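Open the structure in your viewer and keep the selection tool ready.

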2 protein chains.
Amino acid sequence: MVSGPSMRGLCLLGALMSSPLVNAQEQPLLYLMPVPASVQIGTGRLLVDSKFSVASTGYTEPRLDRALERFLLRLSRQTAIPLSRKTGNSSKASLVIHTDHASKEIQELGEDESYLLEVTATGAKLSAVTPLGTLHGLETFLQLVEVSPDGFAAPAVTINDKPRFPWRGLMIDSARHFVPLDVLKRNIDGLEAVKMNVFHWHLSENQGFRVESKKFPKLHEGGSDGLYYTQEEVHDLIEYARERGIRVVPEFDVPGHSTAWFVGYPELASGPGPYEIERKWGVFDPAFDPTNERTYKFLDQFIAEMAKLFPDHFFHVGGDEVNGKQWDTNAKIQEFIKAHGLKNNQGLQSYFNKRLEPIVSKHGKSMVGWDEVLDPALPKDIVIQSWRGPDSLAAAAKQGFRGILSNGYYLDLGWSAARHYAVDPLSGAAANLAPEEKARILGGESCMWAEYINPENIDSRIWPRNAAIAERLWSPPEVTDPASMHTRMEALADRLEWLGLTHKSYHRQMLQRIAGPSTPEEFVALTTLASLVEPVKDYTREETATAEPTSATPLNRVVDAVPLESATARHFAELVGKFLAASCHDPAADARLRAQLTAWRENDAKLQPLAQRSFLVKEVSATSRDLSTLAAVGLLALDFVTKGQRPPEDWKAQQLAVLEQIQKPKGQLLLMPTPAIQKLVEAASAGGTCSSSS
Amino acid sequence: MVSGPSMRGLCLLGALMSSPLVNAQEQPLLYLMPVPASVQIGTGRLLVDSKFSVASTGYTEPRLDRALERFLLRLSRQTAIPLSRKTGNSSKASLVIHTDHASKEIQELGEDESYLLEVTATGAKLSAVTPLGTLHGLETFLQLVEVSPDGFAAPAVTINDKPRFPWRGLMIDSARHFVPLDVLKRNIDGLEAVKMNVFHWHLSENQGFRVESKKFPKLHEGGSDGLYYTQEEVHDLIEYARERGIRVVPEFDVPGHSTAWFVGYPELASGPGPYEIERKWGVFDPAFDPTNERTYKFLDQFIAEMAKLFPDHFFHVGGDEVNGKQWDTNAKIQEFIKAHGLKNNQGLQSYFNKRLEPIVSKHGKSMVGWDEVLDPALPKDIVIQSWRGPDSLAAAAKQGFRGILSNGYYLDLGWSAARHYAVDPLSGAAANLAPEEKARILGGESCMWAEYINPENIDSRIWPRNAAIAERLWSPPEVTDPASMHTRMEALADRLEWLGLTHKSYHRQMLQRIAGPSTPEEFVALTTLASLVEPVKDYTREETATAEPTSATPLNRVVDAVPLESATARHFAELVGKFLAASCHDPAADARLRAQLTAWRENDAKLQPLAQRSFLVKEVSATSRDLSTLAAVGLLALDFVTKGQRPPEDWKAQQLAVLEQIQKPKGQLLLMPTPAIQKLVEAASAGGTCSSSS
């Protein structure tokens, strides 16, 4: 039962489950994420028991040895079977690994990351050109191992895999809120699991300067509240990432986003000091003075130090969101603009970048910057990271610049995984680029901006949605089915917790804090409500705040505790959709909808005692009442629908008015089942013709 | 609203909730565990917000400074409010700490651990004689802080507290299964939270020798599979415990339980070698040769080394369960017994102990041993740890020996918290001892034997039940209400996870592994079943095993994943009890019972698809079917009861026969709601007289 090449990259869960060719009893389902470039399914499965062994042939290095140790440890965690490295005849090992040759000492963009993984009922073989491919293949093997009727096992399969894009990254802003090293490490483990290969480390901001500088110690002493990474820790993290086939690209944002630099070095700013670390969020005025030679001398020495500390070939200088206010109010700077014929502040920033780029280059690095740094006059060696969008990226590519996409991949905006998943670096204007222009689009990076994260909830803001972006950047472009993606992502989400990520387990603990001591029934009521809400999207959290948030604001509210995507609401919407599509004639679906809606309607009464005792529950009281109202509307609609009765004339308008009120955010939360209930109301209003709404 | 001295030690949750004098809206509920010696409740509460500060006066030392840092960190975790140490006027701090003087450099048995904690709406004061009391008081303060209608707060209260017993310990067997250092540390954090003050470290066994010996390196090299603690790690752990007011008592078990020693040093054994690390469980034959002078020379040098490594005054030599088989079959040893008039093997072990005690004593330690070491000829300085029971302990006390109770506190037997809670070191024969004899009973130790634990589930085998034992050993003897204990223990269980303990969070991850990728409905079905079963009790796991378990047996089954006490089954039994007590006339209780039983009856159908896919779910298929049957019986009984109908003649016998089958363990699991269903059946059979069963 070997599938043909037509199943390339798509012969996974979604396709399998809906294919009439597949016998679900005999055919293993594959929960691979990202989907490999090519998969052929074989017969049988390879058991993983306490005799499981692994051996390597060909090129080897200490990193590979350690990778095998980690692999066994993780396989052992995943199965709870004690496993350890066995010596002996390597050709008889359960999994034999062959690596052709070394990868670059300092990992480079575009190295060979391909691998071939062949699993049969009697053994498995993993071959790769470089250790980077070997690392990826080991991850795929781990994803294949699953509980089966006979024990833990990997299905027989042949996987020929390589990435679509060479730059697949995650940016973490560790400046607005400091992110401890162990939190970064577990997220790097996550990156390895989904085959991302860049960790972009946003290290300076108005709210913090996070790296020890030996040359300019007042940077971290003045700019960090003592929350910074020592150079030893930076080195440790880079090593940790390298072990996992991940490059570390540092970002030091200039000339804006730079208040924290000026606490220790006010003479570099364009306005008079003194400066304090910024505690609020937003775009602020302080910016480097591009007209002062001291600025370039400082940056030269600083970049010299950091270029040594961070071995990667790319060096990110930020360059975004300079509001120009300090430049406007500084007469000397305005004079400079005129004297040099720079037209305006934008011209001044171009001037700054043209001065900065040779410095970065002198220290052996290629400069990376956000959209704003784009200037035809800069050398084509630089890389544009686009927060503005694919058009901006395509324009850069046309001009000969390389680019990476981040627009559409901002994890902090609270988008659904499916929405991120639909964003393709080669879509929009980029779809029409010439092949050599397309090749300049190196990939993309998801971005975790840090206004509302702390070590407790950061994982839940990154995972599992980041896996959807990782798949977009790795898998063939025709892998786009969101249903398959969601099913695999939910399975992966469970597995990622084995790595120490806490994106699932954090939730209960935060709710526990919010509830305080409570009866099981009360706590279930809170859990139920929490499972149906999402934080407000995009940048509306600022807009809807009752008090201006700062970096000292406790992140202990329901809005901080709930996942950014409600799986329960999504499943409910699917159920409603299927029910309506089946002409409302599926009694089992009807019963399930009714049971769910009844439970929701009664939830508020159970939650109220908690709201009396906890200010954090009280904050969601209105949303809880809304849930009851919403469920009551849904039950009414369901009654009309199943009885085939047409509701009174003005009923629909009344219900929609109620839903409109419910749809307004409260406590910075959105009640997610509302659109599905609206569909029920509309189906009910359509009378006996509910099947037409499918 | 200050309560009088009559509420001493009991004015906590249980008492408060049932007291008509208390206004639940105004009166804070206290979730303290262990219950303090004396509590007086005041008016109002002290808010804990980002301005919260702490200062210390009187005696100070680095350990206290670090304790305050940890305190703030934990308060910060508990509330998610960023808090850091502020300098300034100490008298204005929110919490002012005063410590009189230092405790002993090496913590001693019986030091002053008392403290006085006064909280008002405007500030809190903690006073203690020594840092040990200060540490305890900080824990009490953390337990007082809870979410309130206005924010996080501690209620106004005056607590005057001290322990009932001076020796309150937990033993962890890190020999049968190795327990990594970080797992021990988080459990020591747990001990601090419940005011236990001894960590008894069981370090050698037939299955492993776990400490690096520089003098006799073949001990750990041959006896540990590489899984041992370096001396540096031991030192680190002792320091870690000392920081938390906890003594570390090492145990090296001789002359039995000692196979792992003989792998490297077979010449010390009573039988011919060679020896291998034992992989199975049970009592084994190898024992030291008490007739060979080499044994004493070796132990002298070994204890000299370990006495330096472990600073505590007490040194545990085990001494339990010598089966004597090696002695029986060694002619030289039998000759020695005759030549020295020792009667039998027991006499030989007495001889051994009489030789061993002076060695321990010479190295500055008091010897501790299990019951078997008791011998009137030994000096009164030794301490007897009783696994046999209170009578054995009382007998020792009568002879002038000090003792600690562990019988009744074996955590691995799977007893309920309430059953452990009811065991008092001064009960049974000990209750009738003279005061000076009673004083020799120093306290007790819970014991975590390690046949069926690993880093993943060990916390769940210790916590939260260990808190009930901790309370027994700390709180006044009249604190005995199991309902109050359970309510407070459940609240504490949630808080303990803030320390990094995983006794709650491990569960979902293990079930996830057991289930594999699954639909939400399937996973809920597994969770529901898992919430209603408990592992078989006492030592029946061995007896009911289908294959002989070893140290390499994966601990990945449902029996390994479920808590040792089913809270859901306990709550269900309470509900049944209340329903029957109210003459079956409470319609709300009826509805809840009916809903729960209906869900259980339908659970098996939802679980079956998982059982098809996972061998680990398949193992509990029979139990799952039993649950459906059990629930069906319960629903039938409920119908008879609520309708006041008497069932047919032979109905009761039929149902009891069904229940008898269900009560038999399957997959080494017990289905816990069975006794409550039996009560329903009996009430139904009694016809309209169901109220009489209350």
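Select His202(A) first: opposite it stands Glu251(A), in strand 12 of chain A. Strands here are DSSP runs (E, at least two residues) and helices are DSSP runs (H or I, at least four), numbered from the N terminus. This is a predicted model, in which local features need pLDDT of at least 70, side-chain atom pairs count only at pLDDT 80 or more, and totals for chains, interfaces and linings use all residues. Residues are numbered from 1 along each chain as its sequence is written, and chains are lettered from A and ligands numbered from 1 in the order in which they are written.

Next, select strand 12 (residues 247-251) with strand 9 of chain A. Five bridges join them, and they run parallel. (Strands pair if DSSP finds at least two bridges between them.)

Now color strand 9 (residues 198-202) of chain A. Five of its five residues are buried, so the rest of the structure largely encloses it. Buried means that 20 or more other C-beta atoms, placed from the backbone, lie within 10 Å of the residue's own. Val198(A), His200(A) and His202(A) cover one side; Phe199(A) and Trp201(A) lie on the other.

Find Ile172(A): its bridge partner is Trp201(A).

Finally, show both chains. The contact takes 36 residues from chain A and 36 residues from chain B. Contact means C-beta atoms, placed from the backbone, within 7 Å. Helix 18 of chain A gives the largest share of chain A's side, five residues.

Conventions
Contact = placed C-beta atoms within 7 Å. Buried ≥ 20, exposed ≤ 12 C-beta atoms within 10 Å, placed from the backbone.
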